[in-house]
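Dear colleague,

I am passing the structure below to you for your records.

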Amino acid sequence: MTNPRQEIKQLISKNAALPDLPQLLTELSLLEAQTHSSTADMARIISSDQALAAKVLRLVNSPFYGFSREITSIGNALILLGIHVIKSLILSSSIFELLQKTAPGLWRHSLATAVTANIITRQLQLDDSEETTTAALLHDIGKIVIIVYLMDDYENILARSNQMDISSTNIERSLIWTDHAEIGQWLTKKWLLSEKLQEPIACHHDIAQSSQYRIATAVVHYANTLATARGLGFNGNKQVTAICPLARKTLKITHTQMANIIEELENQLDKINNFSLVSEEEDVQ
Amino acid sequence: MQTIPIVLAEPGMTLDEDILPPDKPNGIPILGKGNELTRQVIERLKNMGIQSITVAGHPVTIPGEETREQALTSIETRFNAVKDDPYMMDILELFKKQINRSYGKTS
């Protein structure tokens, strides 16, 4: 009998769990390893793939980072967001494009969670806002692997979890002997994403497991809950689960801060609903 | 606030966000938040190639979009499993207040 958990783990280690990842990532990782490489070198490499550069800029200018001015060059994006964030956006841009087409509900949920995480980090004036926002964008990336691995069976998982009022995580465990958080951890490790991104993705349902980046993990936990609460997109859970006490203790959000966060989220709803990775011109083609 | 396509703009609506030049998103706003729309202004915006604007309240019902009542009912349903958690109920109340506000009700 095959062990689905092992099988998925192997697919990830062979980089075969998700469709084609941009080749220039290897180039970029090599460059990153050289201590003397400059932002300009990295910008040049990314800009050499125009379609990709355009997609990265689209993500950078999306509602989740909330920059007041449009960022028009990869060079500026690298300075503002840092190499870790840009690298993860390069990785995720092709995956999200697929997601937007195949599982629009999950895409919308990821987007909404990222917007919410950004609102929380700004409201609480936390450091590393961009990393945390990016971790929130990618928090359910394990679910994409499950969708690809199980093909259309995932719809059944979601339907069953709704009928039986069981969380999608428990259904995942019973079917594939692992869950999206663990898969997300394997994936972000394989991709050599920074720990700041790895930990919130791996621990967003169980923040006690986080060690170094508990604040970012708690923000993603809150953002996931609030996005689900407002019914933004669909992540497989129709019911809101309670925010865990440790997350509350970690962030100590006051009533006024929470009121501001929820007000800002409501103000951003149209932007979340109208944002598309694929430009209208591309849609027409 | 509601973002609507320019074709649905009507005189009397109030801008809830600055309108930026379509070719220069970092430029000086064409028209600022708080301004009331007139027929002439709407025509001019259309001629400038503005696609959508954000206005105060929720003046337009877009087909398929959920109504205030639907939004309130569905959010309450989603909180069914955490009814015994005062912290979560507090969050629900904050959401309901904001839903009412964004649909133009101040209660």
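**Findings in chains A and B**

Leaving aside residues up to four places away in sequence, Ile119(A) touches Ile261(A), Glu264(A), Leu265(A) and Gln268(A). Please bear in mind that this is a predicted model.

Ile119(A) belongs to helix H6 of chain A. Is Ile119(A) buried or exposed? Its relative accessible area is 10%, and the cut-off for buried is under 20%, so Ile119(A) is buried. Between the C-alpha atoms of Ile119(A) and Asn224(A), which are 105 residues apart along the chain, the separation is 12 Å.

Helix H6 (residues 104-123) of chain A packs against helix H15 (residues 255-274) of chain A at an angle of about 140°, and their axes are 9 Å apart. Angles over 145 degrees would count as roughly antiparallel; H6(A) and H15(A) are therefore oblique to each other. Their crossing is right-handed. On the side of H6(A), the contact is made by Arg108(A), Leu111(A), Ala112(A), Val115(A), Thr116(A), Ile119(A), Ile120(A) and Gln123(A). H15(A) contributes Gln257(A), Asn260(A), Ile261(A), Glu264(A), Leu265(A), Gln268(A), Ile272(A) and Asn273(A).

I turn now to chain B. Where is Thr14(B) placed? Thr14(B) sits in the loop between strand S1 (2-5) and helix H1 (39-47) of chain B. With a relative accessibility of 29%, Thr14(B) counts as partly exposed. Not counting residues up to four places away in sequence, Thr14(B) touches Gly34(B), Asn35(B), Glu36(B), Thr54(B), Val55(B) and Ala56(B). The C-alpha atoms of Thr14(B) and Gln70(B) are separated by 25 Å, the two residues being 56 apart along the chain.

Which residues of H1(B) are buried? They are Val41(B), Ile42(B) and Leu45(B). Viewed down the axis of H1(B), the buried residues fall within an arc of 100°, so they line one face of the helix. An α-helix has 3.6 residues a turn, so residues three or four places apart point the same way. The exposed residues Arg39(B), Gln40(B), Arg44(B) and Asn47(B) are carried on the face of H1(B) turned away from its buried side. After H1(B) comes Gly49(B), with a positive phi near 90°.

With kind regards

Methods:
Residues are numbered from 1 along each chain as its sequence is written. Chains are lettered from A and ligands numbered from 1 in the order in which they are written. This is a predicted model: local features need pLDDT of at least 70, side-chain atom pairs count only at pLDDT 80 or more; totals for chains, interfaces and linings use all residues. Side-chain values use heavy atoms; hydrogens and water are left out. Axes are lines fitted to C-alpha atoms, for helices over the stretch in contact, and angles run from 0 to 180 degrees between N-to-C directions. Helices (H or I, at least four residues) and strands (E, at least two) are DSSP runs, numbered from the N terminus. Angles under 35 degrees count as roughly parallel, over 145 as roughly antiparallel, 65 to 115 as roughly perpendicular and the rest as oblique. A crossing is left-handed if the near helix is turned anticlockwise from the far one by less than a right angle, and right-handed if clockwise. Contact means heavy atoms within 4.5 Å. Buried means under 20% relative accessible area, exposed over 50%, partly exposed in between (1.4 Å probe, protein chains only). The arc is that of the directions from the helix axis to the C-beta atoms.
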